[in-house]
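User: I'm new to this one and would like to know what the labels rest on. Could you walk me through it?

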Amino acid sequence: MIRKCCHCQITRPATHLIRLYADDSGALRPSSSRPKSGRSAWMCWSIDCAIGIQQKSKKTMSSLRQQVHTEFFFDAVQSWLWTESVSLLKKIHRSGLMSSQKQAVSGQTVQYWITWSGEFAKMQKIEYIDLIQEIGAGG
């Protein structure tokens, strides 16, 4: 299905946009699943659109046909993106396409190294990723 970003008005397939809904308190939230009831608005993956929606929510309110609170919208988007990213990394990790290794550094600092290998890469790539504790080290 084709949908339109409620800020920049770019038309894209729904799979390329983030679904937005108003929770019970009227706060605007991103969602990866269809809300149980009510209307949805859509946002593209642009930081400019997230900031624009927080600052000027008139188009979003029009899409949702209700008043929304956007004071904490940008924080909600960041939290949602973190959760979605960790979930995706967990799926990749469980599939065996990625492994992780915990390495202690001086003091309290811990680094997590993620290794991608397999058919998708011609050679093994090692990338440093900070704060990836949610996927667990080595398992």
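User: Which residue in S4 is the bridge partner of Arg 19?

Analyst: Ser 31 is the partner. A caution before we go on: this is a predicted model, where local features need pLDDT of at least 70 and side-chain atom pairs count only at pLDDT 80 or more, while totals for chains, interfaces and linings use all residues. Residues are numbered from 1 along each chain as its sequence is written, and side-chain values use heavy atoms, leaving out hydrogens and water.

User: What makes S3 and S4 a pair?

Analyst: Two strands pair if DSSP finds at least two bridges between them, strands being DSSP runs of E with at least two residues. S3 and S4 (residues 28-31) have four bridges, in the antiparallel sense, so they meet that definition. They also form a hairpin with five residues between them, and Gly 26 in the turn has a positive phi of about 90°.

User: How do you know that S3 and S5 pair?

Analyst: By that bridge test again: S3 and S5 share three bridges, also antiparallel. One of the links joins Leu 20 to Ala 41 in S5.

User: Why are S4 and S5 called edges?

Analyst: The open sheet runs S4-S3-S5. S4 and S5 each have a single partner strand, so one side of each is left without a neighbour in the sheet.

User: What does Ile 53 touch?

Analyst: Contact means heavy atoms within 4.5 Å. Not counting residues up to four places away in sequence, Ile 53 touches several residues, including Leu 20, Leu 28, Met 43 and Phe 73.
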